[in-house]
Amino acid sequence: MSVPAHREKLIPLLADKSITILYSGIPIHVSQDEYYPFRVSRQFFYYTGLTRENMALVLIKRDGRCSAVLYIPEVDPLAVRWTGKMVTPDEAREISGIEPIRYIHQLEGDLSRHMASGIAEVAYFDTYRHSAEDLPDYNLVKAQEFARLYPAVQIRNLHIPTAALRRCKDEEEVTAIQKAINITKGGLNAVMENLRPGMYEYQVQAIFEAKIFSEGAEGPAFPTIAGAGINGTMLHYGTNREICNDGDLILLDLGAKVDGYCADITRTYPVNGKFTDRQRQYYEIALAANRAVAKAAKPGMTCRELNEICKDVLAEGLLKMGKINVPGEVSRYYMHGVSHHLGIDVHDIEVADDRILRPGCVITDEPGLYIDEEAIGIRIEDDLLITENGCVCLSEDIIRTPDEIEAYMADR
Ligand SMILES: [Mn+2]
């Protein structure tokens, strides 16, 4: 992971006489002695390559120069006994490329000394808030604490410069996404090999997840969606408790996570291995939209413009079928955007006031049709890397045409 390069790119975006304090996060309590699985701050991961709790990165910029210090917990033999190995200073140095490494219990004292010496007029924290109803996350809590202690220091949001950097992926990031996609492909092939009428959706999920774990993925990039029949028309269906009936389609929106990066792929398969004529008609329309977006995506465009292209193709197909009477009615059967950015987050962070695609952006291409009254839900999702003059489909060889799918499922 080229995390030192990520920090180097951040430095020019930071104000002079500034301090940046970014925490990895703390485990969130569920009940009794149970904690939610720890999820590291994605920004902390981007700048350090580390994924563990109770760590912090501090950057101090003055006179155009920037120093970095990484704070980690001291290895505690009792904690190791219960929950396994901790990151040693040598490992932290090796992974992050940061020197010096100090202990997290030294951070408060260090900050107090820095601030007393008047080192910073600006302090960067990750103060991103997804929704006003959300509990504040750890970085936001620490920003509020800091603001109470040092009210004269201006707090700025580290999320903003970080979004600008994370938007364009470097070679190593693209490699990680490609690995995640390749493992996802294996999982989807395993599904096609084993899918049968009468199976439960969770069994299909299990086939996919067993395969990606066995191929070395960290796990699913997000909760696997396996929706058969009418459930395929619910965009983020995720209970996966129902039966896949003969004659149903099953919509699978899923992905592996590898080296901290996500794949996000959707395929829609006939449960019994063969599309009905009606299903195939709709499928071909969604596929035409998928191909049109992959053909059009290039630097200078926006995801909104790609969505217009997608909607035009879907509307044209539905008009031809006689399913709708005017193009605007397409929104009855297609109601989401065709693209989002993809990276460390499945819905990767975006730059709010600059949505133009650039080389290095990785976006999804995911048209769908959701026909409730016929219990047909179809989505075909690929991942595109924007290049200098167009794009490459990183998931091109995950089979997607009805003929390919039927042939693969017949040959099992
Ligand atoms: Mn997606």
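The legends below describe several close-up views of one predicted model.

In this predicted model, local features need pLDDT of at least 70 and side-chain atom pairs count only at pLDDT 80 or more, while totals for chains, interfaces and linings use all residues. Residues are numbered from 1 along each chain as its sequence is written, and side-chain values use heavy atoms, with hydrogens and water left out.

**View 1**
Helices (H or I, at least four residues) and strands (E, at least two) are DSSP runs, numbered from the N terminus. H340 and E381 are both buried, a word that stands for under 20% relative accessible area, with exposed meaning over 50% and partly exposed in between (1.4 Å probe, protein chains only).

**View 1. Helix 8 against helix 9.**
The axes of helix 8 (residues 171–194) and helix 9 (residues 201–214) come within 8 Å and cross at roughly 140°, where axes are lines fitted to C-alpha atoms, for helices over the stretch in contact, and angles run from 0 to 180 degrees between N-to-C directions. The two helices, helix 8 and helix 9, are therefore oblique to each other; angles under 35 degrees count as roughly parallel, over 145 as roughly antiparallel, 65 to 115 as roughly perpendicular and the rest as oblique. The crossing of helix 8 past helix 9 is right-handed, which is the term used if the near helix is turned clockwise from the far one by less than a right angle, and left-handed if anticlockwise. On the helix 8 side the contact is made by I183, T184, G186, G187, L188, A190, V191 and N194, and on the helix 9 side by V204, I207, F208, K211 and I212, with contact meaning heavy atoms within 4.5 Å. These contact residues of helix 8 and helix 9 divide into 8 nonpolar, 4 polar and 1 charged. Here Ala, Val, Leu, Ile, Met, Phe, Trp, Tyr, Cys and Pro count as nonpolar, Asp, Glu, Lys and Arg as charged, and the others, Gly among them, as polar.

The crossing of helix 8 and helix 12 is right-handed, and N189, M192 and E193 of helix 8 make the contact with I405, Y408 and M409 of helix 12. For helix 10 (residues 277–296) and helix 12 (residues 402–410), the axes come within 11 Å and cross at roughly 120°. In this second contact, R280, Y283, E284 and L287 in helix 10 meet P402, D403, I405 and E406 in helix 12, and by class the contact has 4 nonpolar, no polar and 4 charged residues.

**View 2. The surroundings of T268.**
T268 lies in strand 14 (residues 265–270) and is buried, with a relative accessible area of 0%. Leaving aside neighbours within four places in sequence, T268 is in contact with several residues, including L249, F275, Y283, G377 and I405.

Most residues other than glycine have a negative phi, and most peptide bonds are trans. K17, although not a glycine, has a positive phi of about 55°, and its place is in the loop between helix 1 (3–10) and strand 1 (18–23). N54, also not a glycine, has a positive phi of about 60° and belongs to the loop between helix 2 (42–48) and strand 4 (56–62). A cis peptide bond, with omega of about 10°, joins E99 and P100, and P100 is found in the loop between helix 4 (89–96) and strand 6 (101–103).
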